[in-house]
Amino acid sequence: MAKVDLKDLDLEETRTWVEKIGLETYRAEQIRRWIFGHQAGSFEEMTNLSKEMRHYLNSISYVSQLKIAKTEISLDGTKKFSFELEDGKGIESVLIPERAHYTACISSQVGCAMGCKFCLTGRRGLNRNLKASEIINQILQIRQSMDQPDRLTNIVFMGMGEPLANFWAVKSAVKNIICADALNFSRRRVTLSTCGLVPEIERLGKELPINLAVSLNAADDKTRNLLMPINRRYPLNTLIDTLMRFPLTKRGRITFEYILIRDINDRLTDATKLARLLKDIRAKINLIPFNVYNGTPFQAPDEGRILAFQDELIRKNYTVIIRKSKGTDISAACGQLTTGP
Ligand code: SF4
């Protein structure tokens, strides 16, 4: 029988599992404290468990870790981690320094099936879904590498993959990310970004209390069809209708990411259309100037257009931030992550 990776289980599942193997329920919390709090990599380290118990646990379960294949540091302090998975496949994650804290941008799949035309990850296609443990391990290992791990306060699912296409594992991982006896992040500081999988957005709203970001990138179906194949399945009116019903906290807003691409979606008329499209949603908008990479047919917008686009939205009372991608010199910026080693 295959051994159970204890990092794949949330609190309830761990309790059920320890009962099933004949241990007292409280052992679940004890074991989880070792795994997530002390980041124990083996049962040998769990010194408040008897030798027999450690031996027994070791025979039926394990505590996985990812292998760091490579790290690169950008001139702006952004750090990219290339991880090697158990089956030799690779993923990448990014640690981004902000003014007072750090954000970890993590992956949910090896590759991605969504095929967004501006995205390097999408061009490689989907290899496989990540397990919950592989999602959690990215954060644990990034945290372990930091001098001040407490300053890692924000998690964004904006790395490789469409997180809602791997719903079950992402949900399980998020439960541990926000669980007080595991990674203990505030749920208000965990954000999931989607290209617009409508049924799963509805499910997310019902099942997971975290922030939602939508990678929009166009305010009309013709342009969005060109950039994002998912729009043919869930066109803008369906997507917007669903987002209008998405449950938000009192001061919560949905973040819309809009990659500005020269002569494709960066005109003033596009900004006006965007303002009209989002008028019934509590929204904030992140404008991201396109990062040019080898082989892309798209170009970066010019500075004047970026500012004019922002002004037009601000005039319509939106909160708009221009997010210059960090880590471009080490290919760690938005849409530049690949399948690593
Ligand atoms: Fe996938 Fe996101 Fe890239 Fe689209 S932008 S292909 S959803 S990783």
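## A walk through the predicted model

Let us start at the ligand, which is surrounded by Cys 112, Met 114, Gly 115, Cys 116, Phe 118, Cys 119, Gly 122, Gly 161 and Cys 195; a residue is near a molecule if one of its heavy atoms lies within 4 Å of it. This shell divides into 6 nonpolar, 3 polar and no charged residues. Here Ala, Val, Leu, Ile, Met, Phe, Trp, Tyr, Cys and Pro count as nonpolar, Asp, Glu, Lys and Arg as charged, and the others, Gly among them, as polar.

Before going on, a word about the model. It is a predicted one, in which local features need pLDDT of at least 70 and side-chain atom pairs count only at pLDDT 80 or more, while totals for chains, interfaces and linings use all residues. Residues are numbered from 1 along each chain as its sequence is written, and side-chain values use heavy atoms, with hydrogens and water left out.

Cys 116 sits in the loop between strand E7 (109–111) and helix H4 (120–123). Helices (H or I, at least four residues) and strands (E, at least two) are DSSP runs, numbered from the N terminus. Cys 116 is buried, with a relative accessible area of 11%; buried means under 20%, exposed over 50%, and partly exposed in between (1.4 Å probe, protein chains only). Leaving aside residues up to four places away in sequence, Cys 116 touches Leu 227, Met 228 and Pro 229, where contact means heavy atoms within 4.5 Å. Cys 116 and Asn 231 are 115 residues apart in sequence, and their C-alpha atoms are 10.0 Å apart in space.

Another buried residue is Ile 96, at a relative accessible area of 19%. You can find Ile 96 in strand E5 (residues 90–97). Not counting residues up to four places away in sequence, Ile 96 touches Thr 78, His 101, Tyr 102, Thr 103, Cys 105 and Lys 326. Gly 77 is 19 residues from Ile 96 along the chain, and the C-alpha atoms of the two are separated by 7.3 Å.

Now turn to a pair of helices. Helix H7 (residues 198–207) and helix H10 (residues 236–244) pack at an angle of about 5°, with their axes 10 Å apart. The axes are lines fitted to C-alpha atoms, for helices over the stretch in contact, and angles run from 0 to 180 degrees between N-to-C directions. H7 and H10 are therefore roughly parallel to each other, since angles under 35 degrees count as roughly parallel, over 145 as roughly antiparallel, 65 to 115 as roughly perpendicular and the rest as oblique. On the H7 side the contact is made by Val 198, Ile 201 and Glu 202, and on the H10 side by Thr 238, Leu 239, Thr 242 and Leu 243. These contact residues divide into 4 nonpolar, 2 polar and 1 charged. Helix H10 also holds Asp 241, which is partly exposed at a relative accessible area of 39%.

Charged pairs come next. A salt bridge is a side-chain nitrogen of Lys or Arg within 4 Å of a carboxyl oxygen of Asp or Glu, and by this rule the count comes to 27. In one of them, Glu 84 pairs with Lys 67, the closest N and O atoms being 3.5 Å apart. That pair links distant parts of the chain, with Glu 84 in strand E4 (residues 79–84) and Lys 67 in strand E3 (residues 67–73), 17 residues apart. Glu 84 is partly exposed at 25% relative accessible area, whereas Lys 67 is exposed at 52%.

Glu 207 is partly exposed at 33%, and Arg 203 counts as partly exposed at 35%. Salt bridges that share partners also join Lys 70, Glu 72, Lys 80 and Glu 92 into one network.

We end with the backbone. Most residues other than glycine have a negative phi. Gln 39, however, has a positive phi near 50°, and its place is in the loop between helix H2 (27–37) and helix H3 (51–60). Asn 217 likewise has a positive phi, of about 70°, in the loop between strand E11 (211–215) and helix H8 (221–227). Gln 39 is buried at 16% relative accessible area, and Asn 217 counts as buried at 1%.
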